[in-house]
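Please work through each task before reading its solution.

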Amino acid sequence: MNASDPGPALGHRPVVERSLRGFTGAGYDKGRPVLVQAAWFAVLHLVFVKWWCPARWRPALLRAFGARVGQRVLIRHGVRVHWPWKLEIGDDVWIGEGAWILNLEPVTIADDCCVSQSALLCTGGHRPRSATFEFDNGPIRLEPGSWVAARAVVLRGVTVGRGGVVGAGAVAHRDLAPGTVLTTSGRTA
């Protein structure tokens with residue numbers, strides 16, 4: 001060891017040398033055949049996200065591709081859903097303009113939830129110590145009455161408890177207890 005390499009004595013971990021060519025995608029099941037995936041992407045980009053697509057059509061389009069969608073669900077324009085068949089939405093849910101539901105794994109949005117403008121629900125991840133950057137995905141669950149505010153992010157494997165709030169711009173990387181408010185400082189109230 002030399003002076004420029006402090007090594008493990010100071011708590012440093014060895015650098016992982018990435019070889020993305022070796023990526024296998026093991027453990028990720030898209031859930032539908034390629035033709036269904038292609039049909040969804042066509043509908044998503046040509047109709048679903050458009051401002052002229054009536055909001056009342058969006059739940060019906062999601063249902064047509066296998067999503068379970070409750071009653072009185074409002075989905076604004078610009079919302080992207082990666083795989084509808086891995087999505088469950090309860091009653092009286094609002095999803096704001098530009099929200100992105102990147103659901104490689106199931107996303108459950110319970111009754112009376114709000115996912116605000118440009119929020120991201122991301123079930124995908126990668127193993128940070130994997131040289132081939134293999135997936136480390138996990139489902140997301142929003143319990144009844146929870147709110148993911150504007151530009152907030154909920155990461156894979158997280159449950160936002162009943163009435164919990166992921167504040168504007170905050171990142172939820174672990175479960176939030178019921179009634180908890182997470183702020184951009186990482187503090188919970």
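Arg-72 is exposed, with a relative accessible area of 56%; buried means under 20% relative accessible area, exposed over 50%, and partly exposed in between (1.4 Å probe, protein chains only). The model is predicted, so local features need pLDDT of at least 70, side-chain atom pairs count only at pLDDT 80 or more, and totals for chains, interfaces and linings use all residues. Residues are numbered from 1 along each chain as its sequence is written, and side-chain values use heavy atoms, with hydrogens and water left out.

**Exercise 1.** Determine which residue forms a salt bridge with Arg-72, and where the two partners lie.

Solution. 
Step 1. Apply the criterion: a side-chain nitrogen of Lys or Arg must lie within 4 Å of a carboxyl oxygen of Asp or Glu.
Step 2. Locate the partners. Asp-92 belongs to the loop between strand E4 (87-89) and E5, and Arg-72 to the loop between strand E1 (68-69) and E2; the pair, 20 residues apart, links distant parts of the chain. Strands here are DSSP runs (E, at least two residues), numbered from the N terminus.
Step 3. Classify Asp-92: its relative accessibility is 28%, and therefore it counts as partly exposed.

**Exercise 2.** Identify the salt-bridge partner of Arg-156 and classify both residues by accessibility.

Solution. 
Step 1. The partner is Asp-136, with 2.8 Å between the closest N and O atoms.
Step 2. Arg-156 sits in the loop between strand E12 (153-155) and strand E13 (159-160), whereas Asp-136 sits in the loop between strand E9 (120-122) and strand E10 (140-142).
Step 3. Arg-156 has 32% relative accessibility and is thus partly exposed; Asp-136, at 27%, is also partly exposed.

**Exercise 3.** Give the strand order of the open sheet of six strands and name its edges.

Solution. 
Step 1. Two strands pair if DSSP finds at least two bridges between them. The order is E2-E5-E8-E11-E14-E16, with parallel pairing.
Step 2. Strand E2 (74-75) and strand E16 (181-182) are the edges, each pairing on one side only.
Step 3. E2 pairs with strand E5 (residues 94-95) in the parallel sense over two bridges. Trp-94 in E5 is the bridge partner of Leu-74.

Key
Helices (H or I, at least four residues) and strands (E, at least two) are DSSP runs, numbered from the N terminus.
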